[in-house]
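Hi,

Here is the structure I promised to pass on. Have a look at it first, and then read my notes below.

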Amino acid sequence: MLLRRVIKHVKAQDWFAVCLDFIIVVIGVFLGIQIGNWNEDRIFENRERALLVELRAEISEGIELTKVWRDYLGDVSSAGAKSITFIDSNQPCSENCQDRVIDFFHASQFISVDLDRTVFDEMQRAGWPSSRAVESAVTAYYTQGAGIAENLNERPAYRTLIRELIPHTMLDVLWEGCHDVVRGIESLSRDCAVELGSTEIRVAVDTIRENPRVKATLNHWTSMTKTMGPYMDGLIEAGQEAMTAIDVELGKH
């Protein structure tokens with residue numbers, strides 16, 4: 001219809017009307033492009049917002065896992081400290097030998113502490129988060145997590161050594177009753193019994209105590225797990241700060 005009207009105005013040499021038609025066309029094209037851009041921006045904004053919600057959930061889950069890891073490594077460190085105290089006493093195992101075996105076993109535990117950052121990596125590929133505050137807080141959180149993982153994700157030498165020294169029959173009982181995994185979460189228990197002869201347990205504990213490499217490797221691993229406690233607390237705090245930054249950004253829309 002507009003084209004016919006333009007042709008009509010040209011034939012009539014009504015140049016004012018032709019100019020007016022041209023302006024209408026230009027404005028129409030401009031508005032169409034702007035509406036398209038607005039729609040596209042809204043789609044991207046909604047997508048980023050949805051991913052921010054997912055990112056917050058990812059960080060929240062990471063915080064809960066970090067609490068589990070912190071407590072678990074605290075148990076490992078405690079068992080290691082008690083084992084070192086026993087070794088330093090330079091006394092043979094006369095009583096509670098079963099507890100000494102459990103401590104040596106628990107002190108050897110190791111877990112992977114890698115944070116899941118699937119959502120954050122997806123956002124970064126798309127150039128998000130667009131908020132500098134969110135980007136800074138979340139990056140700080142995952143950077144701290146990567147630093148902790150780098151220190152903890154190497155299996156300790158003590159782990160291999162102690163499991164070579166504990167008889168396999170004892171290890172079977174220890175794994176069965178003193179260690180558990182539920183939905184990927186490991187836990188340690190002292191409510192287990194090493195159902196073996198007392199003499200056999202005493203011989204095993206004394207063999208471990210007299211091995212010079214046990215204390216050296218145990219010192220290193222126990223120190224590492226103990227040191228990581230405050231770092232885990234810092235990671236939890238960084239995660240909470242990241243969630244707060246996301247909450248502020250979500251509250252703007």
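Let me start with the disulfide: Cys93 is joined to Cys97, with an S to S distance of 1.7 Å. The term here means a pair of cysteine sulfur atoms within 2.5 Å. Please keep in mind that this is a predicted model: local features need pLDDT of at least 70 and side-chain atom pairs count only at pLDDT 80 or more, while totals for chains, interfaces and linings use all residues. Residues are numbered from 1 along each chain as its sequence is written, and side-chain values use heavy atoms, with hydrogens and water left out.

Back to the cysteines. The Cys93 and Cys97 link is left-handed, at -135° about the S-S bond, and a search of the whole structure turns up one disulfide. Cys93 is buried at 3% relative accessible area, and Cys97 is buried too, at 8%. (Buried is under 20% relative accessible area, exposed is over 50%, and partly exposed is in between, using a 1.4 Å probe and protein chains only.)

Cys97 also belongs to the buried set in helix α3, along with Arg100, Val101, Ile102, Asp103, Phe104, Phe105 and His106. Eight of the 10 residues of α3 (residues 97-106) are buried, so this helix is largely enclosed by the rest of the structure.

Now the overall layout. The protein chain has nine helices and two strands, in the order α-α-α-α-α-α-α-β-β-α-α from the N terminus. These are DSSP runs numbered from the N terminus: H or I over at least four residues for helices, E over at least two for strands. Of the chain's 253 residues, 38% count as buried. Among contacts with a separation of 6 or more, 83% are between residues 24 or more positions apart; contact means heavy atoms within 4.5 Å. The chain exposes about 14600 Å², with 55% of that from carbon and sulfur atoms (Shrake-Rupley areas, 1.4 Å probe; for residues, only the protein chains shown count as cover).

Next, a helix pair. The axes of α6 (residues 157-165) and α9 (residues 212-250) come within 8 Å and cross at roughly 145°. Axes are lines fitted to C-alpha atoms, for helices over the stretch in contact, and angles run from 0 to 180 degrees between N-to-C directions. From α6, Ala157, Tyr158, Leu161 and Leu165 meet Arg213, Val214, Thr217 and Leu218 of α9. By class, that contact of α6 with α9 has six nonpolar, one polar and one charged residues. (Nonpolar covers Ala, Val, Leu, Ile, Met, Phe, Trp, Tyr, Cys and Pro; charged covers Asp, Glu, Lys and Arg; the others, Gly among them, are polar.)

Ser77 sits in helix α2 (residues 15-89) and is buried, with a relative accessible area of 9%. Which residues does Ser77 contact, leaving aside neighbours within four places in sequence? They are Thr222, Thr225 and Lys226.

Most residues other than glycine have a negative phi, and most peptide bonds are trans. The Trp128 to Pro129 bond is cis, with omega near 0°, and Pro129 lies in the loop between α4 (118-125) and α5 (132-152). Asn90, in the loop between α2 and α3, has a positive phi near 55° and is exposed at 58% relative accessibility. Arg183 has a positive phi of about 50°; Arg183 lies in the loop between β1 (179-182) and β2 (185-188) and is exposed at 80%.

Cheers
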